[in-house]
Amino acid sequence: MTPTPYLTDVHVQARDAARLFADKVVAPQADATEENEHIPRELFKAMGNAGYLAIRVPEADGGSGCDLLTECLVVEEISRACCGVASSMFPMLLVSSVLSRFGTPAQKERYLSGIACGEIVCSIAISEPGAGSDAAAITTTAKRQGDSYVINGSKTYITNGPDADFVMVLAYTDRSARGKGLSLFLIDKGTAGFGVARKLNKAGNKSSKICELFFQDCVVSASALLGGVEGGFRNLLAAVTNSRVTFAARSLGVAQAALDASLAYADLRSAFGRKISQFQAIHFKLADMSTQLEAARLMTHQAAWMAGQGMSIVKYAAMAKLFASERAVEITSEAVQIHGGYGYMMDAPIQRYWRDARALTIAEGTSEIQRQTIAKQLGIQV
Ligand SMILES: Cc1cc2nc3c(=O)[nH]c(=O)nc-3n(C[C@H](O)[C@H](O)[C@H](O)COP(=O)(O)OP(=O)(O)OC[C@H]3O[C@@H](n4cnc5c(N)ncnc54)[C@H](O)[C@@H]3O)c2cc1C
């Protein structure tokens, strides 16, 4: 990866350490985690030991106390080794940052250090069968009953759901206030009335499990409320904005893996008595892939750097997520083309990059929603 002007020496060190970790620990397990559709707890713990699961949580709360740019550098390297493993980091990074900002001392003590060291795996549950992009249209409710809340509803596409020790759930505490009456709850595995409805079978990122969850008269203590009643949406917004930048970094990782593999293959494979890299049609593809990737990286690092300077990054986070994820889809597709028939075979890693990248323009806000956000930031009434 070419250094961008946003990186300090500390960032470069963090990136190099993450690269070493990704090459030594994640990459050798990638085939197995994809094949078994399972990330062993030991791998979560190894990522935790390296400080990669609660990167932006202050050290006082058990996290690594780093900035968003460092998180991006780490996630890019993990994603380069295995985009599916990087997928499972997301709920951990997002939930830990929300918890550290809005959690009570008791909630922080209960969950934060466990997430940070990889002992506790968690999920974030917003999407529902009837509401994805339009999160305000969710129908899960949490009704106050004395010192408790009773949760009813269902959630879908929940990353880490089948293995999660607890889930951060968005639910309406006041259904009369669309978008505003939403609150967050921390619900532990094993709570009566809460469970996995069914596991889902994804096209890519197979290492990372995903499922539907059900909540049926699920009673939780009022102490499970995170960030105050009806603060749910507001509290999530800043975290989701930052998470979009990290998601852009995940896109860079899988695109870089596809580019690296394509460069190596183009130098290895011959046709018509020449290396295929010598055909202009192929080396122009490689040049374009590399150019697009560098542009995406600059946008990602710029957005992360701006966050570190305390600037508003709503527009820049959406732009970075939009641009990097769409380039990842294109770059991984071109990588399949450069590999010819071999690229389409399940034995080659290329098809995996392509399948993994395809999710990136959908999850964490679709490309259409990113464009809508950017348009709003341009002052357009949408
Ligand atoms: C791999 C993966 C992991 C995920 N993990 C999680 C998770 O851990 N937790 C969680 O809560 N959710 C998760 N999701 C769900 C994800 O956030 C949603 O899939 C996403 O927000 C889109 O919602 P939807 O699938 O309901 O699509 P819809 O909202 O139904 O959208 C369908 C299409 O309509 C378009 N569209 C919708 N509204 C507009 C509009 N206003 N203008 C223009 N076009 C529009 C969309 O862009 C899309 O192309 C995950 C999804 C995937 C694929």
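Is Phe90 buried or exposed, at 6% relative accessibility? Phe90 counts as buried. The model behind this briefing is predicted. A search of the whole structure finds eight aromatic pairs, and a search for cavities of 30 Å³ or more finds one. The largest pocket has a volume of about 1700 Å³.

**Aromatic pairs**

- Eight aromatic pairs turn up in the whole structure. One of them joins Phe90 and Phe247.
- Phe90 is buried, at 6% relative accessibility. Phe247 counts as buried too, because its relative accessibility is 2%.
- Tyr344 and Trp354 also form an aromatic pair, and this one is tilted. The distance is 6.2 Å centre to centre, and the angle between the planes is 55°.
- Tyr344 sits in the loop between α9 (340-343) and α10 (350-358), while Trp354 is in helix α10. The two residues are ten residues apart.
- Tyr344 is exposed, with a relative accessible area of 55%. Trp354 is partly exposed, at 33% relative accessibility.

**A charge over a ring**

- The charged end of Arg327 sits over the ring of Phe323. It lies 4.6 Å from the centre of that ring.

**The cavity**

- The whole structure holds one cavity of 30 Å³ or more. The largest cavity has a volume of about 40 Å³.
- The lining of the largest cavity consists of Ile39, Phe44, Ser88, Val121, Asn160, Asp163, Ser207 and Lys209.
- By class, three of the lining residues are nonpolar, three are polar and two are charged.
- The largest cavity lies between domain 1 (9-121) and domain 2 (123-232), because both give residues to its lining.

**The largest pocket**

- The largest pocket, with a volume of about 1700 Å³, is lined by 47 residues.
- Ser127, Gly132, Ala363, Glu364 and Gly365 are the lining residues that lie nearest the centre of the largest pocket.
- Two or more lining residues come from each of α4, β3 (148-159), α6, α10 and α11 (367-377).
- Helix α6 gives the most to this lining, with eight residues.
- The lining of the largest pocket has 23 nonpolar, 14 polar and ten charged residues.

Notes:
Residues numbered from 1 in each chain as written. Predicted model: local features only at pLDDT ≥ 70, side-chain atom pairs only at ≥ 80, totals over all residues. Heavy atoms only, no water. Phe/Tyr/Trp six-rings, centres within 6.5 Å; stacked < 30°, edge-to-face > 60°. Buried < 20%, exposed > 50% of the residue type's maximum accessible area, 1.4 Å probe, protein only. Helix = DSSP H or I, 4+ residues; strand = E, 2+ residues; numbered from the N terminus. Lys NZ or Arg CZ within 6 Å of the ring centre and 35° of its normal. 1 Å grid on protein atoms, 1.4 Å probe; cavity = no way out; pocket = protein on both sides within 12 Å on 5 of 7 lines; lining within 4 Å. Points joined across faces, edges and corners; volume = space filled by probe spheres on them. Nonpolar A, V, L, I, M, F, W, Y, C, P; charged D, E, K, R; others polar. Domains from an automatic or database assignment.
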